[in-house]
Amino acid sequence: MQFNVEAGEGYTEVAGTGRLNMVAAPRLREVVAETVAAGNTRIVVNLADTEFMDSSGLGALIGCLKLARQAGGDLRIACVPAQVLMVLQLTGMDRVLTPHPSVAGAFSGD
Amino acid sequence: MTDVLASNAVRLPATPEAVDAVHGQLERLWEVADFVPALDRMAFETAVVEAASNAVRHAVAASGAVLEIGVEATVTRRRLEARICEYGAVVPDLDAAALAGGDPGRDPAHGAGAPDAGEHVPESGRGLALIRALVTTLRFERRDGNNIWTLSRDSPASG
């Protein structure tokens, strides 16, 4: 899985391409930890090209959410594909990680 | 009707990379079984990858054995089935509560009244509950010194 970090207007976008499984999950944690350590604590994870996520990937997202919040920021998810949405809904985690339709809109209204 | 319409198998050392191989295996399966509805493919693949990940994460090699995982996937007219084998593994410490299943969204540390309390949400422990939510049957057996998880999902639209 590839991760791409890019600065947006008032947030930092982390885009993941590929499968967010037990191989990729630790790398997502690293990428977000580095981003937060650099002072960018408002993070939008763009999942448009994340073709698959399992409970390992979900656990990494939750860990990253905690990390961002502990640093005074937040983590939001955007452009969620059907399989990822299914996992979020079946685990009830869509209540914690609310899917946003667009990256730019994830922090709008704050 | 139990005619096998498509099937394949992989057997690999029990490392995280084996999970990527299982994804590839299922992709090849769908190339043959292209009639399986997208929703069933998605649910089945998620369940099989969860089960394979569980095997990689939790299986413990028996003394002197090399731990391997095998996945056999089969498509019949009405059913998708996978056997996930932990070769050379000791008998697992089965989590009876997790096997009993229930609502994977149920989270004792996270009441419905506090939907935004992300800092109290556990990061792991959802795998088996997720599998149960996605399949019709889930079975465990110990055979010839190996652990075998069999899961199936009814897919009545198949064929």
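In chain B, helix 1 meets helix 2 through V19(B), V22(B), H23(B), L26(B) and W30(B). On the helix 2 side, the partners are R41(B), F44(B), E45(B), V48(B), V49(B), A52(B), S53(B) and V56(B). Nine residues of this contact are nonpolar, two are polar and two are charged. All of this comes from a predicted model.

Now look at the geometry. Two packed helices are described by the angle between their axes and the distance between the axes. For helix 1 and helix 2 of chain B, the axes come within 10 Å and cross at roughly 150°. Angles over 145 degrees count as roughly antiparallel. Helix 1 of chain B and helix 2 of chain B are therefore roughly antiparallel. Their crossing is right-handed.

Helix 2 of chain B, residues 38–58, also packs against helix 4 of chain B, residues 127–134. Here the axes come within 9 Å, again with a crossing of roughly 150°. So these two helices, helix 2 and helix 4 of chain B, are roughly antiparallel too. This time the crossing is left-handed. Which residues in helix 2 of chain B meet helix 4 of chain B? They are A43(B), T46(B), A47(B), E50(B), A51(B) and N54(B). Facing them in helix 4 of chain B are G127(B), L128(B), L130(B), I131(B) and L134(B). By class, that contact has seven nonpolar, three polar and one charged residues.

Next comes the sheet. Chain B has an open sheet of five strands, in the order 1-2-3-5-4, and the pairing is antiparallel. Which strands are at the edges? Strand 1 (4–13) and strand 4 (137–143) of chain B are, since each pairs on one side only. From one strand to the next, the twist averages 15°.

Pick out one pair in chain B. Strand 3, residues 79–87, pairs with strand 5, residues 146–154, in the antiparallel sense over eight bridges.

Helix 1 of chain B, residues 17–32, lies across strand 1, strand 2 (68–76) and strand 3 of chain B. Helix 1 runs at about 165° to strand 1 of chain B.

Turn to chain A. Helix 1 of chain A, residues 25–37, and helix 2 of chain A, residues 55–70, have axes that come within 9 Å and cross at roughly 15°. That angle makes helix 1 of chain A roughly parallel to helix 2 of chain A. The crossing is right-handed. From helix 1 of chain A, the contact uses A25(A), L28(A), R29(A), V32(A), A33(A) and V36(A). Among the residues they meet in helix 2 of chain A are G57(A), G59(A), A60(A), L61(A) and L67(A). The contact of these helices of chain A has ten nonpolar, four polar and one charged residues.

Between them, the chains bury about 2,600 Å², with 58% of it on carbon and sulfur atoms. On the chain B side, M42(B), E123(B) and R126(B) lose the most area to chain A. Together they account for 22% of what that side buries.

Key
Residues are numbered from 1 along each chain as its sequence is written. Chains are lettered from A and ligands numbered from 1 in the order in which they are written. This is a predicted model: local features need pLDDT of at least 70, side-chain atom pairs count only at pLDDT 80 or more; totals for chains, interfaces and linings use all residues. Side-chain values use heavy atoms; hydrogens and water are left out. Axes are lines fitted to C-alpha atoms, for helices over the stretch in contact, and angles run from 0 to 180 degrees between N-to-C directions. Helices (H or I, at least four residues) and strands (E, at least two) are DSSP runs, numbered from the N terminus. Angles under 35 degrees count as roughly parallel, over 145 as roughly antiparallel, 65 to 115 as roughly perpendicular and the rest as oblique. A crossing is left-handed if the near helix is turned anticlockwise from the far one by less than a right angle, and right-handed if clockwise. Contact means heavy atoms within 4.5 Å. Ala, Val, Leu, Ile, Met, Phe, Trp, Tyr, Cys and Pro count as nonpolar, Asp, Glu, Lys and Arg as charged, and the others, Gly among them, as polar. Two strands pair if DSSP finds at least two bridges between them. Buried area is the accessible area (1.4 Å probe) that two parts lose on being put together, summed over both.
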